[in-house]
Amino acid sequence: VVVLHRNVTRLFAATRHWFGFNADDVWTLFHSYAFDFSVWELWGPLLHGGRLVVVPHSVSRTPADFLRLLADERVTVLNQTPSAFYQLVRADAENPAVGDRLALRTVVFGGEALDLRRLGDWYARHPDDAPFLVNMYGITETTVHVTYQALDREKAATLPGSVIGKAIPDLGPYVLDDLLRPVPAGVPGELYVSGDGLARGYLGRPDLSAARFVACPFGAPGDRMYRTGDVVRWTSAGRLEYLGRADD
């Protein structure tokens, strides 16, 4: 996937008002550099003058050790797949003295669907805003993140399914049927994404690029949108809810 450098810088510029990352933040590089989440983890601290802690592979596979690293290094920004965070929640419950030393201010979820109901144990021991939990949906072809959904204990207990929220301001989400017509709120459709985060395409694969990066009928001539293959629906509150893959 050919992603331009400017796609990454605009990602942080477009989300700055939500996160306020700064030079005091400490991040972890938890994921493999082959996973697009690592782009967010790596360039977040470097673009803002913060500090990056490279997590040893063995520590990343041992939740109790990782919890201790977060506390010892005073990490403030943590990025996790939900499945990894569920294990960290268990380690936090089993090691409350370590969990009490955490300095986290933001936890960002990505990479897979988040089960909001499984956050109850975390909120039982931590305030809504220390750290602040955020669910983000995204894909490599749209430069890591597409949507943003702030969470708290009430939302975790009441929001339906896996709500992924609203789009980053410089992206355009469309929920369409098989004829590329917008579907009403509550009706499942395939998610298409337009805007500044789109990659150029697939290197050396013009056929695949043409199939996935298609003309956007809702924008100016020449505008493109990416066909994600993900099924979503609009909620009555104007948020997107992730339902699964179109090819499942």
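Predicted model: local features only at pLDDT ≥ 70, side-chain atom pairs only at ≥ 80, totals over all residues.
Is H31 buried or exposed? With a relative accessible area of 11%, H31 is buried, because buried means under 20%. Now display the side chain of E41: a polar contact of 3.0 Å joins it to the side chain of H31. Not counting residues up to four places away in sequence, H31 also touches F37, S38, N79, Q80 and T81.

**The two domains**

Next, colour the chain by its two parts, domain 1 (5-166) and domain 2 (171-245). Their centres, taken over C-alpha atoms, are separated by 26 Å. Turn to the place where the domains meet: 19 residues of domain 1 are in contact with 17 residues of domain 2. The size of an interface is often given as the accessible area lost when the parts come together. Here domain 1 and domain 2 bury about 1,500 Å² between them, and 63% of it is on carbon and sulfur atoms. On the side of domain 1 that touches domain 2, the elements giving two or more residues are α1, β6 and β7 (162-167). Of these, β7 gives the most, with 5 residues.

Select F19 and W40 next. The core draws at least three residues from each of domain 1 and domain 2. Keep W40 selected and show its surroundings: leaving aside neighbours within four places in sequence, its contacts include L11, F12, F21, W27 and V108.

**Salt bridges**

A search of the whole structure finds 15 salt bridges. Begin with D25 and R105, whose closest N and O atoms are 2.8 Å apart. D25 lies in the loop between α1 and β1, and R105 in the loop between α6 (96-99) and β4 (106-109), so the pair ties together parts that are 80 residues apart in sequence. D25 is buried, with a relative accessible area of 3%, while R105, at 27%, counts as partly exposed.

Move on to D92 and R125, whose side chains meet in a salt bridge of 2.8 Å, N to O. D92 belongs to helix α5 (residues 82-94) and R125 to the loop between α7 (120-123) and β5 (132-135), so this pair ties together parts that are 33 residues apart in sequence. D92 counts as buried at 2% relative accessibility, whereas R125 is partly exposed at 33%. Then select D230, R245 and D247, which salt bridges with shared partners join into one network.

**A last stop**

Finish at R181, found in the loop between β8 and β9. Its relative accessible area of 47% makes it partly exposed. The side chains of R181 and D177 are joined by a polar contact of 2.8 Å. Leaving aside neighbours within four places in sequence, R181 is in contact with V175 and L176. Finally, select P217: its C-alpha atom is separated from that of R181 by 9.7 Å, although the two residues are 36 residues apart along the chain.

Terms used. Residues numbered from 1 in each chain as written. Heavy atoms only, no water. Domains from an automatic or database assignment. Contact = heavy atoms within 4.5 Å. Buried area = accessible area lost by both parts, 1.4 Å probe. Helix = DSSP H or I, 4+ residues; strand = E, 2+ residues; numbered from the N terminus. Buried < 20%, exposed > 50% of the residue type's maximum accessible area, 1.4 Å probe, protein only. Polar contact = N/O pair within 3.5 Å; in protein donor to acceptor, adjacent residues only side chain to side chain. Salt bridge = Lys/Arg side-chain N within 4 Å of Asp/Glu carboxyl O.
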